[in-house]
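Colleague: I have just opened this model and would like to learn how to read it. Could you walk me through some of its features?

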Amino acid sequence: MTVQTERPPHRPTELSKRTDDGPDRPAARGRSAALAPYLLLLPAVVATLLLLGWPLIKNGMLSFQNLNMRQLIQHLTEWNGTANYTEVLGNPDFWRVTGRSLLFAATNVVLIMVLGTLVGLLLARLGRRMRVTLLIALVLAWAMPVIAATTVYQWLFAQRYGVVNWVLDKVGFHSMADYNWTGGQFSTFFVITVLIVWQSIPFVAINLYAATTTIPKELYEAASLDGAGAWQSFTSVTLPFLRPFLYATTFLEVIWVFKAFAQVFAINQGGPDRLTEILPVYAYIEGIGNQHFGMGSAIALLTIVILLAITSFHLRIVLKQGEDEL
């Protein structure tokens with residue numbers, strides 16, 4: 001006697017797999033993978049909005065107010081529209097300081113990029129021990145806090161007991177024995193420029209040295225076989241590889257130099273006779289020093305606009321360079 005048992009109904013393989021795994025499991029995984037980069041960026045975006053965005057909004061609100069000590073003491077809010085901007089833009093001192101700031105930034109950036117590039121190329125040619133020694137020295141100079149470095153330079157260029165005046169006197173320049181480096185506009189700018197260039201060279205040099213390590217050695221060998229000298233190897237092999245790094249580093253240095261408030265203010269507070277003020281120092285003195293807080297906020301926002309205009313022009317050059325390479 002044969003006993004026949006019932007078999008479960010046959011289901012297609014795809015249907016059973018969909019039932020076991022869930023119909024929306026692959027789609028859910030795809031959505032999670034797409035959202036992962038945004039979730040990772042979320043903490044940085046939130047921190048940026050809180051630490052930079054909110055102060056910028058508050059500064060913008062202050063720039064449309066008449067805010068002096070009387071308003072602060074009485075907790076008054078007096079809106080005056082665009083009066084602060086009209087007064088600033090109509091003041092010849094603002095345009096004089098703006099031109100000075102642009103010239104100051106251009107001079108420093110050119111010196112930083114030229115000297116930093118030379119030091120970076122030197123690092124690529126040195127032996128291992130000398131390279132490590134120079135890298136340590138560069139990192140130590142780079143890591144020194146801005147105010148600490150500024151204080152050291154104030155000691156070096158001090159009028160009576162400065163090392164620079166003492167050395168110049170010993171080598172025969174006796175008129176420099178008691179020279180006041182912060183007594184004139186150009187000498188003060190000279191000290192500030194030396195300080196800023198010294199602080200910035202390590203960043204450029206280390207960046208450029210790192211970029212030279214990505215250049216294939218075969219290209220130099222091929223250039224040598226073609227009879228290229230040192231200069232021809234640099235222009236045909238090294239420079240094309242370093243060009244993107246030079247553009248990016250120049251972009252960062254423009255921002256760094258243009259907002260060099262601490263060095264200029266700590267050396268001589270924009271003096272003598274406010275002849276070494278650049279835009280950040282000018283905004284501070286007009287806003288905090290003269291207690292015209294609305295005016296200082298307007299100058300600060302105009303400084304940001306000028307810096308954005310400069311960097312956007314440079315960024316457009318970088319993007320065009322990237323499109324040409326593609």
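This is a predicted model: local features need pLDDT of at least 70, side-chain atom pairs count only at pLDDT 80 or more; totals for chains, interfaces and linings use all residues.

Colleague: Is Gln 269 buried or exposed?

Modeller: The cut-off to know is that exposed means over 50% relative accessible area. Gln 269 has a relative accessible area of 51%, so Gln 269 is exposed.

Colleague: Which peptide bond is cis in this model?

Modeller: The one that joins Gly 271 and Pro 272, with omega at about 5°. Pro 272 is in the loop between α12 (261–268) and α13 (279–289), and that loop also holds Gln 269.

Colleague: What is the phi of Gln 291, and where is Gln 291 placed?

Modeller: Gln 291 has a phi near 60°, which is positive in a residue other than glycine. You will find Gln 291 in the loop between α13 and α14 (293–325). Values between the buried and exposed limits count as partly exposed. With a relative accessible area of 35%, Gln 291 is therefore partly exposed.

Colleague: Let us step back to the whole chain. How many helices and strands does the protein chain have?

Modeller: There are 14 helices and 0 strands in the protein chain. Of its 326 residues, 31% count as buried. For contacts with a separation of 6 or more, 66% come from residues 24 or more positions apart.

Colleague: How do I read a pair of packed helices, say α7 and α9? At what angle do they pack?

Modeller: Look at the angle and at the distance between the axes. Helix α7 (residues 146–156) and helix α9 (residues 185–212) pack at about 135°, and their axes are 10 Å apart. That angle makes α7 oblique to α9. The crossing of the two, α7 and α9, is right-handed.

Colleague: Which residues of α7 and α9 meet?

Modeller: From α7 come Val 146, Ala 149, Thr 150 and Tyr 153, and they meet Val 194, Leu 195, Trp 198 and Gln 199 of α9. The residues of this contact between α7 and α9 divide into 6 nonpolar, 2 polar and no charged.

Colleague: Tell me about Gln 199. Is Gln 199 buried or exposed?

Modeller: Buried means under 20% relative accessible area. Gln 199 has 7%, so Gln 199 is buried. Gln 199 lies in helix α9. Setting aside neighbours within four places in sequence, Gln 199 is in contact with Trp 142, Val 146, Ala 149, Trp 256 and Gln 263.

Colleague: And what is the angle between α10 and α11?

Modeller: Helix α10 (residues 217–225) and helix α11 (residues 230–258) cross at roughly 160°, with axes that come within 10 Å. Angles over 145 degrees count as roughly antiparallel. α10 and α11 are therefore roughly antiparallel to each other. Their crossing, that of α10 and α11, is right-handed. In this contact Leu 219, Tyr 220 and Ala 223 of α10 meet Ser 233, Val 237, Thr 238 and Phe 241 of α11. The contact of α10 with α11 has 5 nonpolar residues, 2 polar and no charged.

Colleague: Which residues do ring pairs link into a cluster?

Modeller: To find such pairs, you look for ring centres within 6.5 Å. The count is 13 aromatic pairs, and ring pairs link Tyr 153, Phe 157, Tyr 179, Trp 181, Phe 190 and Trp 198 into a cluster.

Colleague: How far apart are Phe 64 and Ala 83 in sequence and in space?

Modeller: They are 19 residues apart in sequence and 7.4 Å apart in space, C-alpha to C-alpha. Phe 64 is in the loop between α2 (25–62) and α3 (69–74), and at 33% relative accessibility it counts as partly exposed. Beyond its neighbours within four places in sequence, Phe 64 has contacts that include Trp 79, Gly 81 and Tyr 85.

How values were computed. Residues are numbered from 1 along each chain as its sequence is written. Side-chain values use heavy atoms; hydrogens and water are left out. Axes are lines fitted to C-alpha atoms, for helices over the stretch in contact, and angles run from 0 to 180 degrees between N-to-C directions. Helices (H or I, at least four residues) and strands (E, at least two) are DSSP runs, numbered from the N terminus. Angles under 35 degrees count as roughly parallel, over 145 as roughly antiparallel, 65 to 115 as roughly perpendicular and the rest as oblique. A crossing is left-handed if the near helix is turned anticlockwise from the far one by less than a right angle, and right-handed if clockwise. Contact means heavy atoms within 4.5 Å. Ala, Val, Leu, Ile, Met, Phe, Trp, Tyr, Cys and Pro count as nonpolar, Asp, Glu, Lys and Arg as charged, and the others, Gly among them, as polar. Rings of Phe, Tyr and Trp (its six-membered ring) pair if their centres lie within 6.5 Å; planes under 30 degrees apart count as stacked, over 60 as edge-to-face and the rest as tilted. Buried means under 20% relative accessible area, exposed over 50%, partly exposed in between (1.4 Å probe, protein chains only).
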